[in-house]
Amino acid sequence: MQVLILGGDGYLGWPTAMYFSARGHAVTVVDNYFRRHAATELDTGMLYDVPNLVQRARIWHERTGREIKVVIGDLRNPETIRGIFTGNIKYAFQVEKSAFIVPDSVMHFAEQPSAPYSLMSHEHANFTLSNNILITNNLMFAVKDFSPETHIVHIGTMGEYGTPNIDIEEGWIDIEHKGRKDRFLFPRQASSIYHTSKIMDTDLLWFGIRTWNLRATDLMQGPVYGIETEETIIDPKLRPFFNYDEIFGTVVNRFITQAVAGYPLTVYGKGGQTRGYLNIRDTLQCVYKAALSPAEPGELRVFNQIMETFTVVELAEKTARVGRNLGLDVTVQYLENPRKEAEEHYYNPTYHRLLEMGVEPHYLTDEAMEGIMRIVREHGDAIRKDVIFRGVKW
Ligand code: USQ
């Protein structure tokens, strides 16, 4: 397969690139280093330094003999993606000069991914909306104009559904109204501008699919945790970004880092917020399965990409238990919730379609958490307590 990965420098984009490459697929990644620049600008700290995309592709080639082609470019500019589809393309790294082949699958990770970032100010909200929606639109038009057969795999988010008082279906719901029936996208009601931008992406793609018979899979992903994948084991320099700050760190990675640093775990509000979680290794499996068996032309296929659900309090209790077993002094603090979200609610999402396709979950057992904590502990001296909580409120 020819695979194009938009946002190939990110926490999930880079491991996905290696995963496809390791399995013999031809991979090209595109990125404009937004996440790196934002992390520097906001001084978020990083657990360890990560080589740039060209350096990573070079290390990957040296260690495996495989090639990941790299394009550095801003996908908000339509010519960046259109150039890729027409062969008018400048590689920042490639091993073999090859005739460009149109991608079979495009994985779309090229989005501002943080809810707190999107609510730091109206400028950050504007950036999030314009970046995420324009890139999705540029991709959709490039596919429509040059290769309508190409399968778009969009990384959506479970947060698009919010926390409704009914079971959450996988993307679609049958509604009977005044004696008539139809099928609709499951109602969306996000609780951040970031999550709202993802809803808008879905609406855009659904329009393109109905109108031009495009094909897409929307992966409604929960918060991801973890560091190591089958490919990062080859060389620690291939590890993804690991953020534990309030802006870019997801809650499990944050709690593990807080436990190592001796910083009381930051439970927001009552901590009854329930979400569906997954290990980074399972993100890779899910994206891969979705790409190998694409949606049909005219189909918007939606999978809920989570493996298990936890409340924040359950995650804190687990982190405290695992940390104490490693001899760490772990305490928990209940902070006034900086976010506007339900802290006690019904939550019953359906998530069986990816499992039916053969994804084998890595659950968040105490052993799995301990493995991550041990790696974080190796970098314990680099942890900056001042970036853990900064109080972005909405
Ligand atoms: N939380 C705490 N304490 C913290 C950090 C978070 O109690 O120190 C709580 C939050 O209030 C929230 C839950 O933990 O209820 C999850 O927060 P998160 O920061 O891990 O996740 P979120 O902001 O929802 O966003 C993350 C990723 C995003 C992805 C999303 C999936 O940053 O890119 O789309 O997870 S989901 O949440 O299912 O929409």
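**Salt bridges in a predicted model**

Visitor: Is R188 buried or exposed, and what is its relative accessible area?

Guide: This is a predicted model in which local features need pLDDT of at least 70 and side-chain atom pairs count only at pLDDT 80 or more, while totals for chains, interfaces and linings use all residues. Residues are numbered from 1 along each chain as its sequence is written, and side-chain values use heavy atoms, with hydrogens and water left out. Buried means under 20% relative accessible area, exposed over 50%, and partly exposed in between, with a 1.4 Å probe and protein chains only. R188 therefore counts as buried, its relative accessible area being 19%.

Visitor: Which residue forms a salt bridge with R188?

Guide: A salt bridge is a side-chain nitrogen of Lys or Arg within 4 Å of a carboxyl oxygen of Asp or Glu. The side chain of R188 meets its partner at 3.6 Å, N to O, and that partner is E160.

Visitor: What is the relative accessibility of D174?

Guide: D174 forms a salt bridge with R183, at 3.4 Å from N to O. D174 counts as exposed because its relative accessibility is 58%.
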